[in-house]
Amino acid sequence: MPPPTANNNRKIGINDLRADKGGDPDRYRRLLLPDDDDLINQVLTHDNQRRSILTSLESLRSQSSNLQKNVIAPKKKAGEEVPSDVLEQLKEWKAEMATLSNQLKCVERERDDTLTKINDIIEANSSGSTISTDADTSVNTNATESTSSSNTLEQETSTEHQQQQLPLLSAEQIKTIPPERILNINVGVLGHVDTGKTSLVKTLSSVLSTAALDKSKQSRARGITLDLGFSAFLLPLPEQLRGEQQTISNSNNASSDNNESESNSGDKKKKKKKSGSNNSRGVGGSRSNSSNSNLDQKYDLLQVTLVDCPGHASLIRTIIGGAQIIDMVLLVVDATKGMQTQTAECLVIAEMTTRNLIVVLNKIDMFPENEREERVQLAEKRIRMALRGTKIFEDAKMVGISACVGGEKVAAVGDGGGLIGGGTGSVTTTNAHGEVAGTNNIHGLLDVLQSQMRAPNRDARPSPERFHFAVDHCFPIKGQGTVLTGTCLSGSARPNDMVEFPTLATQKKIKGLQMFRRKANIIQQGDRAGICVSNFDAKLMERGTIASPGTIKLIHGAIAVVRKVRFFKGQLNSGGKFHVSVGHQTVMATVTFWGAREIARQVEREQESQQQQMASNGNAPILGKSSLGGTADLAGLPRLKFDWNQDFLHQDNYLESIPVSDDVLTSQVETSKDGDSQPPLHWARLEFLTPVYCPMDSLVIGSRLDTEVNANACRLAFSGRLVERYDERQDNGRLKSYTKKEKVGRCCRLGDPYRRSDDNKLVRYEIFGTDLFKKETNMSQFVGLLIETDSGDVGSIQSSFGSSGKFRVHFPAGTGLKEGDSLYLRFKRYANDPRKAIHQDGTLPQARIGSRVDPPVKKKKKKNGSNNADEQSSTKNGAVGEIEKLKGDILENGKSPMAIVSGLFTMADDISKHKGRKVVAVTTEEEGSIHGSFGKMGKVKVSFENGVSAEVGSRVKMLAA
């Protein structure tokens, strides 16, 4: 195996020599002369010193930052003097950091000088030195690095040899097919850091974009993928796709964008006519608008665009941006390590963005050959257990491969012919089994990939008025203009069409279109393309969105329907701040949750309406602006309309489940495949701290990216669908969020009794209450409010009663209320109502008439009072009353010492003359004596020396004097 040479421009970096980074120092030692063998040890020693210094430096920086933040800054803010010992400590740390920084520069210089010396020696010896390897460790010659300026490589393979390679197409075959006849499917390559994602992309790719295979200097310096990479390979249209009909939408009401673009119909109608005429000339004719035509009638080839996403935890927002433009996912897992933290997060992202996933178990060459099959099966079993926690990937296909036998750093030492497939005239080698050299089971992966391909949801209508394009890279080309590379999310574009840069408030004309270095006359939804514009500074834009003029507005806030990610362990608190990702943008937003109960009742009605709409539209899906893999439909978020006039019960936080007592149909409670209930849908108000440009109906993902990256926890909090724009200045008062209030009083007096006509029940139509209002309360504002009882009777406040806060209540249907029973004033207040007015939803029942029951006629008192007491005493002998209340502290025997009794005397009786008379409880035969009067209604206090155990309502009898 030849060493690096000037021909492949390969320079050895520090990660090539570090075993913990996948490097192989022993292999490079064999490339050096014996006298130079110690150079590699010197480099590794310098690198260890560098990392040790960096650790100490970061520790001092952290301590210094904490000291300034927690001690010095609060002291200065409070106007207090900072202690001298604190300032001295900070000064010492700064001096030590300066010393360490100088040491770091010296060590890095020595390390880099030694690396340069090693590269010079290997380059000098490259002309004649070779290293032989066994067939099992043969190096993949397809892992060479390609630059954007080199489009052709030396062709060295024969026709017979090409037949042994992967079933990819040659450059000659591709050149004969127009880009419009190529179906593009975007496949995201996701996984934990260092699982071999980029190695897999290198192995498969035959066409590279300008942002492929970690070309940035930062990526090469750190040895990891830092940004999205795009490359592709082409295949014949798989057999199962040939007869499949592509799902498209041809109805005018299929997209919510039409309503937004109607106001811009002037110039756009002219554009549409022009586009239609171009199409009739045959440019876009191959993309038929008919939803009934088969794929093989519209397309000849399948282009698989690989979206290489970073795997490091700190780059999660880049992963989210890439995942929202994909149709299916290759989840790359290190077979030797299994599920890791970022693997789980990528799995969550895949749930939100696609229903098509393949698990790639990479690095199976790390298993001993005699144990490989058994170890791979064990790894598959463990991954399958983890997939059972998902809703849709439990039966996902798994493939064990080695994208680069021996590791990426080993493959990079090969003589490097190019990329497999011959798409750009590349060179490949195969072993005796027909497998690509340096790989394992890549043919098996391609077979599974082709078998799992499904027709993507695409809107095949040329629609320049709905063009949205997600830009992921921007760079200038001298003499041509500025190129914007990205993915078409919706609509279509042609040369000479005008596009708007919403964030820059400018418009440019499309100068030209390319799809992987091939000129195109039209791009449509799902296409990966480059757009060339003139007179545009590439430095002004790195990522973002361009669109048809006037179709994307700046929004400061939005209302979205959201659902919590099941694996997020934290609380979703209203008023909390989250990182919200929309496309390639990630901004901070304050989020408020509400409406779980109301939205559950709305879902079923909306779903029925959508099913009817789809039925009338030929069962085609309702496509929105972002209708690739990253759609809110796939995230399980229904299309709901927000009603500004609807009342919503206030929620402090996101409800993990809707209480059973709430009026929610059981058919609306969602469950996952394994029977676990899904977190309920909520409405959410997103108030962006930085305004964003994005279309409605887009998928948004909320996360807590400030969580410690090394913590073994999911940072993705919720997913959502943008439904309505929200401006706090204009819309804050429109949200009808309310809180329930309840005040409790009691009945202090009963009105006249009536015998109700329809059921012959004794009721009161009027009662008097207390304890609801204060003495100084203005009762006029409460007149007419509804009062409820424990038995469900409803009445209304008629007026105040007296001047002590009492009130009169009228019950149209009557009530069986007794003195002392509770009265409830239930109402709601809207959070945004400045008047804090009281609102009630109930109504009074229909009146139920009755006839008055007259009380018995009382006998008149005799004028001669000499025998009045004796007569009164004899009259009261054997009188029966009722215990209304039990008073006093409970005695040791658990009984009450005193009872309030009514019915023994009337208001006219002189109770003081009966003080001390014996009274006995009928049910318990406990004896007490009259202690005195209680109020002016004839009630008395009866004391029981040994207590009374009789219940309230029990009868008592007065004994003879």
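This report describes the fold, the helix packing and the nonpolar cores of a predicted protein model.

Local features are taken at pLDDT of at least 70 and side-chain atom pairs at pLDDT 80 or more, while totals for chains, interfaces and linings use all residues. Residues are numbered from 1 along each chain as its sequence is written, and side-chain values use heavy atoms, with hydrogens and water left out.

**Overall content**

The protein has 20 helices and 37 strands; helices (H or I, at least four residues) and strands (E, at least two) are DSSP runs numbered from the N terminus. Of its 961 residues, 51% are buried, where buried means under 20% relative accessible area with a 1.4 Å probe, protein chains only. Contact means heavy atoms within 4.5 Å. Among contacts between residues at least 6 apart in sequence, 76% join residues at least 24 apart.

Eight of the eleven residues of helix 17 are buried, namely I442, G444, L445, L446, V448, L449, Q450 and Q452. The elements covering these buried residues include those in the table.

| Element | Residues |
|---|---|
| Strand 3 | 229-236 |
| Helix 9 | 239-242 |
| Strand 5 | 328-334 |
| Strand 6 | 357-362 |
| Strand 7 | 397-400 |

Helix 7 is also part of this cover. The axes of helix 7 (residues 197-204) and helix 17 (residues 442-452) come within 12 Å and cross at roughly 85°; axes are lines fitted to C-alpha atoms, for helices over the stretch in contact, and angles run from 0 to 180 degrees between N-to-C directions. Helix 7 is therefore roughly perpendicular to helix 17, a class that spans 65 to 115 degrees. L200, T203 and L204 of helix 7 meet I442, L445 and L446 of helix 17. By class, five of the contact residues are nonpolar, one is polar and none is charged.

**The barrel**

Six strands form a closed barrel in the order 17-21-19-18-22-23, with antiparallel pairing; two strands pair if DSSP finds at least two bridges between them. The twist from one strand to the next averages 40°. Strand 17 (residues 554-564) and strand 21 (residues 682-693) run antiparallel and are joined by eight bridges. V562 has H682 of strand 21 as its bridge partner. Helix 14 (residues 341-353) lies across strand 22 (699-703) and strand 23 (716-725), at about 30° to strand 23.

**Nonpolar cores**

A nonpolar core is a set of buried Ala, Val, Leu, Ile, Met, Phe, Trp, Tyr and Cys residues joined through side-chain atoms within 4.5 Å. The largest has 75 residues, of which W683, L686 and F718 touch the most other members. A second, separate core of 31 residues includes L204, Y299, A403 and V448.

Technical notes
Buried means under 20% relative accessible area, exposed over 50%, partly exposed in between (1.4 Å probe, protein chains only). Angles under 35 degrees count as roughly parallel, over 145 as roughly antiparallel, 65 to 115 as roughly perpendicular and the rest as oblique. Ala, Val, Leu, Ile, Met, Phe, Trp, Tyr, Cys and Pro count as nonpolar, Asp, Glu, Lys and Arg as charged, and the others, Gly among them, as polar.
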